[in-house]
Amino acid sequence: MDVKSGLFYLFAAVLLFAAFRVITSRNPVYAALYLVLAFFQASAIWLLLRAEFLAISLVLVYVGAVMVLFLFVVMMLDINVDALRQGFWKHFPLAAAVGALIALEMAAVLMGGFRLAEPRQPMASGPETSNTMELGKLLYTEYLYPLEIAAVILLVAIVAAIALTLRTRKDSKYVNPADQVRVKARDRVRIVQMPVTRAAQPAVEESAAAGETKA
């Protein structure tokens with residue numbers, strides 16, 4: 001086994017471990033961090049396959065933007081983990097059925113590549129051939145509609161994440177920015193005139209008042 005194969009098995013093992021921890025971690029913040037680790041391992045495998053553009057896109061887009069946004073949303077939502085655990089077994093049959101369906105669909109797609117009688121030969125590439133250029137041609141010609149659909153889905157996810165952070169919480173103070181803009185100086189500060197000195201009471205009056213109190 002050469003060095004490239006060893007690195008592939010190493011990255012694949014860490015990727016499987018991180019993916020397993022994403023769905024088994026009890027803390028949503030830890031699950032998001034494990035997902036970041038899984039993305040890094042997948043980008044390393046793409047580098048081994050000489051898909052540099054896909055690897056850099058995965059790190060910049062998903063790890064650098066989407067996952068950071070998701071992590072901040074999870075931390076700001078203050079999710080009640082105990083309440084989520086109570087309904088785990090209630091929704092487990094539906095979740096298992098959906099997971100099995102997704103696994104069957106992925107198996108049907110992936111097994112098609114193993115049924116090929118002869119493996120596809122890669123296209124001859126010269127020193128001036130760019131993987132990024134070829135990928136761009138495919139994306140904006142044959143896969144234009146799937147690209148637009150993916151962009152709309154990501155936009156909806158971002159808007160939904162922002163909308164979740166704007167919910168009203170009882171333990172947070174809210175200030176209307178319009179009221180702050182319309183405020184005037186006389187509404188904030190009230191000047192009261194007070195005498196500079198105060199005359200002291202005579203000692204006779206104070207002793208008389210003390211005698212009446214004792215009586």
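Student: In what order do the elements of the chain run from the N terminus on?

Tutor: Happy to start there, and keep in mind that this is a predicted model. The chain has 10 helices and zero strands. Read from the N terminus on, the elements therefore run α-α-α-α-α-α-α-α-α-α.

Student: How much of the chain is made up of buried residues?

Tutor: The chain has 215 residues. A residue is called buried when its relative accessible area is under 20%. Buried residues make up 12%.

Student: What share of the contacts with a separation of 6 or more comes from residues 24 or more positions apart?

Tutor: Here we look at contacts in the chain, meaning heavy atoms within 4.5 Å, and keep those with a separation of 6 or more. Residues 24 or more positions apart account for 62%.

Student: Are H1 and H2 roughly parallel or roughly antiparallel to each other?

Tutor: Two packed helices are described by the angle between their axes and the distance between the axes. For H1 (residues 3-24) and H2 (residues 28-48), the axes are 8 Å apart and the angle is about 155°. Angles over 145 degrees count as roughly antiparallel. H1 and H2 are therefore roughly antiparallel.

Student: Is Gln-41 buried or exposed?

Tutor: Gln-41 is found in helix H2. Leaving aside residues up to four places away in sequence, Gln-41 touches Phe-11, Val-14 and Leu-15. Its relative accessible area is 13%, and the cut-off is under 20%, so Gln-41 is buried.

Student: Which residue has a backbone oxygen that lies 2.6 Å from a polar atom of the side chain of Ser-43?

Tutor: Ser-43 is found in helix H2 and counts as buried at 6% relative accessibility. Not counting residues up to four places away in sequence, Ser-43 touches Ala-55, Leu-58 and Val-59. The backbone oxygen 2.6 Å from its side-chain polar atom belongs to Phe-40.

Student: What is the phi of Arg-50, and where does this residue sit?

Tutor: Arg-50 counts as exposed, at 62% relative accessibility. Its place is in the loop between H2 and helix H3 (52-77). Although Arg-50 is not a glycine, its phi is positive, at about 65°.

Definitions and conventions:
Residues are numbered from 1 along each chain as its sequence is written. This is a predicted model: local features need pLDDT of at least 70, side-chain atom pairs count only at pLDDT 80 or more; totals for chains, interfaces and linings use all residues. Side-chain values use heavy atoms; hydrogens and water are left out. Axes are lines fitted to C-alpha atoms, for helices over the stretch in contact, and angles run from 0 to 180 degrees between N-to-C directions. Helices (H or I, at least four residues) and strands (E, at least two) are DSSP runs, numbered from the N terminus. Angles under 35 degrees count as roughly parallel, over 145 as roughly antiparallel, 65 to 115 as roughly perpendicular and the rest as oblique. Buried means under 20% relative accessible area, exposed over 50%, partly exposed in between (1.4 Å probe, protein chains only). A polar contact is a pair of N or O atoms within 3.5 Å; within protein, one must be able to donate a hydrogen and the other to accept it, and residues adjacent in sequence count only if both atoms are side-chain atoms.
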